[in-house]
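Subject: Structure for your reading

Dear colleague,

Please find below the structure that I promised to hand over to you. I would be grateful if you read the notes that follow with the model open beside them.

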Amino acid sequence: MLEIRDVTITYGKHVALDRASLTATQGRMVAILGANGAGKSSLLGAVGGRIRPASGDILYRGKSLLRLPSHRLVEEGIALVPEGRGIFPAMTVADNLALGALPARAGQGAAARMDEVLTLFPKLAQRRGQIAGTMSGGEQQMVAIGRALMSNPDLLLLDEPSLGLAPIVVKEVFAALARIRATGLTILIVEQNARATLELADDAYLMEVGRITKSGPAADIKSDPAVIRAFLGGSLAETR
């Protein structure tokens, strides 16, 4: 479904991403893991149309995304939940979610999709009329994910969905992601919480200093001793 080919991203003289290649197969959840500054968000931003690569290409269902204006990506079925959530804080939960259904591809079945989102996130059902900016960080993240789902995506991009959240809220968010994954939606997730992400993902890519240094099935990555030392902490026995 998605193929990233030798993508390089630069900011002035700084190379944030160096000839990165990645494949996301339809219906699978793909994790991109790495430390701060590894280039993870830059890679996701390129897929989401927020960053223009210096070289390389990004193919979605065989079509180059780099030839499309960024606002067209949602009509192609790509929804991005950015780091920092990007919700409209002065608007209600219901209005934020309704904005997600504005693309033409989302018009049909929007009411049913709203019901699905509110079932996925019961807290949002209870607070539909609440101003989104007055909610907790975890609840705002639910709004951001729900709004993305309202656009009826085929590919969901998630940039650090657990960042800054309390541990109990992180569990709620990942439980919701497990239910989303079970629907067959293709998911590309950037996340520092490597342990929880590898439990959920099908495939994983590890990034270090702008380069992809390891890739494979998430179960194999999770059991790799070098990965355990660098990203998970503890010993191999503790991950079993």
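This is a predicted model: local features need pLDDT of at least 70, side-chain atom pairs count only at pLDDT 80 or more; totals for chains, interfaces and linings use all residues.

Lys222 belongs to helix α8, which covers residues 218-223. Its relative accessible area is 16%, and buried means under 20%, so Lys222 counts as buried.

The next topic is a pair of helices. Two packed helices are described by the angle between their axes and the distance between the axes. For helix α2 (residues 93-100) and helix α5 (residues 137-150), the axes come within 6 Å of each other and cross at roughly 35°. The crossing of these two helices, α2 and α5, is right-handed. On the α2 side, the residues that take part are Val93, Asn96, Leu97 and Gly100, and they meet Val143, Gly146, Arg147 and Met150 of α5. Sorted by class, this contact of α2 with α5 is made up of four nonpolar, three polar and one charged residues.

Which residues of α2 are buried? They are Val93, Asn96, Leu97 and Gly100. These residues lie on the same side of α2 because they cover an arc of only 95° around the axis. The buried residues of α2 pack against α5, and also against α3 (110-120) and α4 (122-126).

Helix α1, residues 40-47, is mostly covered, with seven of its eight residues buried. The buried residues are Lys40, Ser42, Leu43, Leu44, Gly45, Ala46 and Val47. After α1 comes Gly49, which has a positive phi, near 85°.

Is Pro53 buried or exposed? Pro53, which is placed in this loop between α1 and β4 (55-60), has a relative accessibility of 11% and counts as buried. If neighbours within four places in sequence are left aside, Pro53 is in contact with Val7, Thr8, Ile9, Ala46, Ile58 and Leu66. Ala46 is also one of the buried residues of α1. Between the C-alpha atoms of Pro53 and Leu17 there are 8.8 Å, while the two residues are 36 residues apart along the chain.

Arg52 lies in the loop between α1 and β4 as well. With a relative accessibility of 58%, Arg52 counts as exposed, since exposed means over 50%. The side chain of Arg52 reaches the backbone oxygen of Leu66 at 2.5 Å, and Leu66 is also among the residues in contact with Pro53.

Ser162 is found in the loop between β7 (155-159) and α6 (167-181). Its relative accessible area is 9%, and Ser162 is therefore buried. Apart from neighbours within four places in sequence, Ser162 has contacts with Val170, Phe174, Glu191 and Asn193.

With kind regards,
A colleague

Definitions and conventions:
Residues are numbered from 1 along each chain as its sequence is written. Side-chain values use heavy atoms; hydrogens and water are left out. Axes are lines fitted to C-alpha atoms, for helices over the stretch in contact, and angles run from 0 to 180 degrees between N-to-C directions. Helices (H or I, at least four residues) and strands (E, at least two) are DSSP runs, numbered from the N terminus. A crossing is left-handed if the near helix is turned anticlockwise from the far one by less than a right angle, and right-handed if clockwise. Contact means heavy atoms within 4.5 Å. Ala, Val, Leu, Ile, Met, Phe, Trp, Tyr, Cys and Pro count as nonpolar, Asp, Glu, Lys and Arg as charged, and the others, Gly among them, as polar. Buried means under 20% relative accessible area, exposed over 50%, partly exposed in between (1.4 Å probe, protein chains only). The arc is that of the directions from the helix axis to the C-beta atoms. A polar contact is a pair of N or O atoms within 3.5 Å; within protein, one must be able to donate a hydrogen and the other to accept it, and residues adjacent in sequence count only if both atoms are side-chain atoms.
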